[in-house]
Amino acid sequence: MEKQEQPVIELQDAVVTFKRNQESITALDHVSLTIEQGEIYGIIGYSGAGKSTLIRVINHLQVPTSGKVIVNGQALEELDSHQFQKARKKIGMIFQHFNLMNSRTVLNNVEFPLLGEKLSKAERREKALGLLKLVELEELAGAFPDQLSGGQKQRVAIARALANNPDILVSDEATSALDPKTTLSILKLLQRLNQQLGLTIVLITHEIQVIQTICHRVAVMEAGEIIEQGKVAEVFMRPKKQLTREFIDTSINVQEALKRIRQSNSQDLYVLKFIGDTTNQAVVTEMAQKFQVAANILFANVDQFDNLTVGVMILNLSGEVSAGVDYLRQQGVDVEVIKKEVRS
Ligand SMILES: Nc1ncnc2c1ncn2[C@@H]1O[C@H](COP(=O)(O)OP(=O)(O)OP(=O)(O)O)[C@@H](O)[C@H]1O
Ligand SMILES: [Mg+2]
């Protein structure tokens, strides 16, 4: 019973340092995290933040300089080489550039990880065809990777990653080479696999939309550290760190909107953020009526984060503004005031 309650992945104070010439680089700087069974856990950060290193540590491809990595209750360093190989197989991996073998058919690519298993040729084939069906690609079994689109290639890579029935799938920028529509279809596939197979997914990306579309929790990485983590909607709604704000603002386009509004509007601006099922329009209308405040909506955007609605509005207010703002805050609305520009 106890086994079910322990996290599927646990990092305790993991450090990875590399030597490059005379320099020592800290790619992971005392990272601790836990990922639960069945979660889709997203890690976001700019280039060089240490995302791939983190995922390689989880995947046992990179031995940490210090700290502990526990996957499925087993500490990596306590495994003998046989157990280590076995544990590795329970973690599937997909990459930005798919890493398929071009000289083999789609079917053979998916069969490849099964070659070392005690399966007959027919069993292997059946298993691989089943996996291709799962990713909706069975009709392309005989094609070669070069004949496929990027999205189709990634589906093959996903089928191959699932060949050994992994508990965990790690994804290193798996959608970064794809257009937005294909990205969405791959994300929906990952979401279905998560729900259908109970697969735990650890996904790294530099695109906030990826996190927003399918992740349950998110960690923000900067310079080898996790600077912030939590449920997606909570982190997005109340980011504590500047970097997190930057990612979110690019998603909701708030900074862009503010800049645009500033060009023609020199009054105080009020940035309102709503979370959950508050119908933002109604609260603003109520406030305007109750307090004789005139509200002019300059920008509004509503977004969905892991089933939570997050709305943003930028307003000009006049009248009994401070009472109105107090009221909004009492209603659970996050209000930020951006003072008018003083022209010198
Ligand atoms: N094998 C290595 N030897 C030396 N330095 C390395 C090695 N691998 C990674 N690094 C360094 O560690 C840091 C983190 O790299 P990492 O690849 O984890 O970043 P990342 O967040 O995945 O970046 P990107 O988004 O560009 O893929 C970088 O400064 C990188 O140059
Ligand atoms: Mg990387």
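**Exercise 1. Find which element gives the largest share of the shell around ligand 1, and describe the shell.**

Begin with the residues near the ligand, where near means that a heavy atom of the residue lies within 4 Å of the molecule. Ligand 1 is surrounded by Phe18, Arg20, Ile25, Ala27, Tyr46, Ser47, Gly48, Ala49, Gly50, Lys51, Ser52 and Thr53. Next, assign them to helices (H or I, at least four residues) and strands (E, at least two), which are DSSP runs numbered from the N terminus. The largest share, three residues, comes from helix 2.

The model is a predicted one, in which local features need pLDDT of at least 70 and side-chain atom pairs count only at pLDDT 80 or more, while totals for chains, interfaces and linings use all residues. Residues are numbered from 1 along each chain as its sequence is written, chains are lettered from A and ligands numbered from 1 in the order in which they are written, and side-chain values use heavy atoms, with hydrogens and water left out.

**Exercise 2. Find which polar side-chain atoms of serine 47 and serine 52 approach ligand 1, and at what distance.**

A polar contact is a pair of N or O atoms within 3.5 Å; within protein, one must be able to donate a hydrogen and the other to accept it, and residues adjacent in sequence count only if both atoms are side-chain atoms. A polar side-chain atom of serine 47 lies 2.5 Å from an oxygen atom of ligand 1, and for serine 52 the corresponding distance to a ligand oxygen is 2.9 Å.

**Exercise 3. Classify glutamine 229 and find the partner of its side chain.**

Glutamine 229 lies in strand 10 (residues 225-231), and because its relative accessibility is 34%, glutamine 229 counts as partly exposed. A polar contact of 2.4 Å joins its side chain to that of tyrosine 41. Finally, glutamine 229 and leucine 269 are 40 residues apart in sequence and 29 Å apart in space, C-alpha to C-alpha.

Definitions and conventions:
Buried means under 20% relative accessible area, exposed over 50%, partly exposed in between (1.4 Å probe, protein chains only).
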